[in-house]
Amino acid sequence: MRCFWFFLPYFTLGQDSPCVNAGFNDALPPDAADLDNDQDLTEQTPLDYSGIVERISDFTVDLGAHERPVQ
Ligand SMILES: [Ca+2]
Ligand SMILES: [Ca+2]
């Protein structure tokens with residue numbers, strides 16, 4: 001299995017991006033793939049595309065696949 005973590009910083013949101021906190025929390029789909037392995041498939045998607053950052057950071061989801069973590 002190849003690891004692409006090295007490339008992730010190039011696709012994350014910048015600090016001043018208008019996409020930060022511009023999404024709608026209620027529009028997140030359920031965790032049908034159980035990304036966090038807690039057997040709860042009905043909760044909102046808990047992680048972003050990286051699989052390590054919480055999907056909602058700073059109380060509001062960001063636009064796009066990546067969530068900018070609170071510094
Ligand atoms: Ca889950
Ligand atoms: Ca956010």
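Of the contacts in this protein that link residues at least 6 apart in sequence, 35% join residues at least 24 apart. Keep in mind that you are looking at a predicted model. The protein has two strands and zero helices, and 7% of its 71 residues are buried.

**Val-20 and its surroundings**

- Start with Val-20, which sits in the segment before β1.
- Is Val-20 buried, exposed or partly exposed? Val-20 counts as partly exposed because it has 19 C-beta neighbours inside 10 Å, and a residue needs 20 or more to be buried.
- Setting aside residues up to four places away in sequence, Val-20 touches Leu-13, Asp-62 and Arg-68.
- Val-20 and Glu-67 are 47 residues apart along the chain, and their C-alpha atoms are separated by 7.7 Å.

- How far apart in space are Gly-64 and Val-20? From C-alpha to C-alpha the distance is 9.2 Å, while the two residues are 44 apart in sequence.
- Once its neighbours within four places in sequence are left aside, Gly-64 is in contact with Leu-13 and Cys-19.
- Gly-64 is partly exposed because 17 C-beta neighbours lie inside 10 Å.

- Most residues other than glycine have a negative phi.
- Asn-21 has a positive phi of about 60°, although it is not a glycine.
- You can find Asn-21 in the segment before β1, the strand at 56–57.
- Asn-37 also has a positive phi, near 55°, and is a residue other than glycine. Asn-37 is placed in the segment before β1 too.
- Which of these asparagines is exposed, and which is partly exposed? Asn-37 is exposed because it has 8 other C-beta atoms within 10 Å, whereas Asn-21 is partly exposed because it has 17.

**Gln-71, after β2**

- Gln-71 belongs to the segment after β2.
- Why does Gln-71 count as exposed? Gln-71 has 5 C-beta neighbours inside 10 Å, and a residue with 12 or fewer is exposed.
- Gln-71 and Gln-15 are 56 residues apart along the chain, yet their C-alpha atoms are separated by 9.6 Å.

Notes: Residues numbered from 1 in each chain as written. Chains lettered and ligands numbered in written order. Predicted model: local features only at pLDDT ≥ 70, side-chain atom pairs only at ≥ 80, totals over all residues. Contact = placed C-beta atoms within 7 Å. Helix = DSSP H or I, 4+ residues; strand = E, 2+ residues; numbered from the N terminus.
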